Amino acid sequence: GAVVSQHPSRVICKSGTSVKIECRSLDFQATTMFWYRQFPKKSLMLMATSNEGSKATYEQGVEKDKFLINHASLTLSTLTVTSAHPEDSSFYICSARETGSGGGYTFGSGTRLTVV
Amino acid sequence: QKEVEQDPGPLSVPEGAIVSLNCTYSNSAFQYFMWYRQYSRKGPELLMYTYSSGNKEDGRFTAQVDKSSKYISLFIRDSQPSDSATYLCAMSANYGQNFVFGPGTRLSVLP
């Protein structure tokens, strides 16, 4: 089945630094990928929709300049958390669906970000 | 009213029990329905995907959609301790659009 690879799985960074998270569709092409944030014992909160070759669409309340999204190819989207602060510590998950497929979305394994 | 509602649990059942997980929604435009299973500190895994109303069965899992009542269910037969996880329902109105998640139900199957 479709596989989405997300790296790193866990990262600890110092406050003020930037962190990049990669999301790759391994055996399919994805025109659109989604980035979510999940707080402990809470559901997934959509942050932004990443579109290949164009600007990402951000959900209300999500800072575009803080969470930079790049979808440079049909198999790779990246989320960069810039000038990270402790409140950015969270579980970030990407998802994708094969272009033209009518099936459900495949999720990456998530990235646990801890900002100290 | 939240767009998708789901009892957060936790729901504890003995091994071998039939589990019923449910979601209600308010948007009558939803017609694509999904159930995901999420283990702790992992990304969600798609279990079932259905379109419009009706039932769909896959092994021990059965998904039901009742659009008239805006109610969907996931049944797990012969539940196993390995089924212990959080189950998220998700739904969308149009093909290709992102979907709305329920908050998830935490299930514990006790050996």
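**Fold and cysteines**

Author: From the N terminus on, the elements of chain A run β-β-β-β-β-β-β-β-β-β-β. The radius of gyration of chain A, taken over C-alpha atoms, is 13 Å, close to the 13 Å that the globule rule (2.2 Å times the number of residues to the power 0.38) gives for 116 residues, so chain A is as compact as a globular protein of that length. This is a predicted model, in which local features need pLDDT of at least 70, side-chain atom pairs count only at pLDDT 80 or more, and totals for chains, interfaces and linings use all residues. Residues are numbered from 1 along each chain as its sequence is written, chains are lettered from A and ligands numbered from 1 in the order in which they are written, and side-chain values use heavy atoms, with hydrogens and water left out.

Reader: How many helices and strands does chain B have?

Author: Chain B has zero helices and 11 strands. Helices (H or I, at least four residues) and strands (E, at least two) are DSSP runs, numbered from the N terminus.

Reader: What is the radius of gyration of chain B?

Author: For chain B it is 13 Å, which agrees with the value near 13 Å for a compact globule of 111 residues. The C-alpha trace of chain B spans about 40 × 25 × 25 Å along its principal axes.

Reader: And what box do the C-alpha atoms of chain A fill?

Author: Roughly 40 × 25 × 20 Å, again along the principal axes.

Reader: On to cysteines. How many disulfides over all chains?

Author: The count is two, where a disulfide is a pair of cysteine sulfur atoms within 2.5 Å. In chain A, Cys23(A) and Cys94(A) form one, with their sulfur atoms 2.0 Å apart. Cys23(A) sits in strand 3 (residues 19–25) of chain A and Cys94(A) in strand 9 (residues 90–96) of chain A, so the pair links distant parts of the chain, 71 residues apart.

Reader: Is that disulfide right-handed or left-handed?

Author: The torsion about the S-S bond of Cys23(A) and Cys94(A) is about 85°, so the disulfide is right-handed.

Reader: Which residues does the disulfide in chain B join?

Author: Cys23(B) and Cys89(B), S to S 2.0 Å. Cys23(B) lies in strand 3 (residues 19–25) of chain B and Cys89(B) in strand 9 (residues 85–92) of chain B, so the pair ties together parts 66 residues apart in sequence. The torsion about the S-S bond of Cys23(B) and Cys89(B) is about -105°, so this disulfide is left-handed.

Reader: Are Cys23(B) and Cys89(B) buried or exposed?

Author: Both are buried, meaning under 20% relative accessible area; exposed is over 50%, and partly exposed in between (1.4 Å probe, protein chains only). In chain A, Cys23(A) is buried at 0% relative accessibility, and Cys94(A) is buried at 0% too.

Reader: Last topic, burial by chain. What share of chain A is buried?

Author: Buried residues make up 50% of the 116 residues in chain A. In chain B, 43% of the 111 residues count as buried.
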